Amino acid sequence: MSVFGPVVKIHPVVLASICDSYERRNEGASRVIGTLLTIDKHSIEVTNCFSVPHNESEDEVAVDMEFAKNMYELHKRVSPTEVIIGRYATGFDITEHSVLIHEYYSREASNPIHLTVDSALQSGKMNIRAYVAQMGVPGKTVGVMFTPLSVKYVYYDTERIGDLLQRTRVTPSRTKGLTSDLSQVAGSAARVQDMLTTVLAYIEDVLSGKVTADNSVGRFLMDLVNKVPTISAEDFENMLNSNINDLLMVTYLSNLTQAQIALNEKLVLL
């Protein structure tokens, strides 16, 4: 399937909510549908969602539109910046009922996206696809054509726990601890060093004639080098030590404040 157009960014909490709704679906229901929300009107980034009750058969589908409106109003009270960006449905592919449901969301949002989540793992894995609907083909028969979009997974810092839970699958003890700030800095420095090694190896191969030079890569490397500030090693070391001293001072004052607060709480309870 060819995928083009804008990128749909999806947060982990959205996928977790969709899977939870699927597991809690009514008896006899084959899938669940719901509304997708975003807080950024200028990009397609799905940050929240909620399920909408519905009944469907082979011939018709009935969606509780009143419930969808009330739930959206409740979400607006908690987060006034949230707006409807589209809808979701569990399943492997788009059904003929998708056109009927799309009509409602077309009134709530311009060019709403349609997200499908294969929660039943019909293809052996959880396929997640996004589409945008186009009303008919110009000069052809009137109808709705769903065009696939690219999907990218993004998360806030508070959502990184999902990444840690995923890593527990490969550890024998099924546990994974949080990494310290120093470990993250060391890991980032190691990755930067590996990338520099790769770049240096490429440059040496180009100079020796083993690899044909790529002008786009050369311009990118030149732009990267120009962005590095010109500073002596001694000045850089002094600046780094100064920043480290400031950080240690802030950490010390923070720990001292916490100790004073804890001591004050104990004195109040006496």
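A residue is called partly exposed when its relative accessible area lies between the 20% under which it counts as buried and the 50% over which it counts as exposed. Keep this in mind while touring the model, which is a predicted one.

Select Asp223 first. Asp223 is partly exposed, with a relative accessible area of 39%.

The structure holds 2 salt bridges. For another, select Asp20 and Arg24, whose side chains meet at 2.9 Å, N to O. Asp20 is partly exposed, at 37% relative accessible area, while Arg24 is exposed, at 64%.

Next, select Arg25 and Tyr22. Arg25 lies over the face of Tyr22, 4.0 Å from the ring centre.

Last, go to Glu82, in the loop between helix 2 (65-78) and strand 7 (83-90). Which side chain of opposite charge is nearest to Glu82? It is Lys76, 8.1 Å away. Glu82 is buried yet has no salt bridge, because a salt bridge requires the nitrogen and oxygen to be within 4 Å. Show Asn48 as well: its side chain makes a polar contact with the side chain of Glu82, at 3.2 Å. Beyond its neighbours within four places in sequence, Glu82 is in contact with several residues, including Leu37, Thr38, Ile39, Tyr72 and His75.

Note on methods
Residues are numbered from 1 along each chain as its sequence is written. This is a predicted model: local features need pLDDT of at least 70, side-chain atom pairs count only at pLDDT 80 or more; totals for chains, interfaces and linings use all residues. Side-chain values use heavy atoms; hydrogens and water are left out. Helices (H or I, at least four residues) and strands (E, at least two) are DSSP runs, numbered from the N terminus. Buried means under 20% relative accessible area, exposed over 50%, partly exposed in between (1.4 Å probe, protein chains only). Lys and Arg count as positive and Asp and Glu as negative; His and the chain ends are not counted. A polar contact is a pair of N or O atoms within 3.5 Å; within protein, one must be able to donate a hydrogen and the other to accept it, and residues adjacent in sequence count only if both atoms are side-chain atoms. Contact means heavy atoms within 4.5 Å. A charge sits over a ring if NZ of Lys or CZ of Arg is within 6 Å of the ring centre and within 35 degrees of the ring normal.
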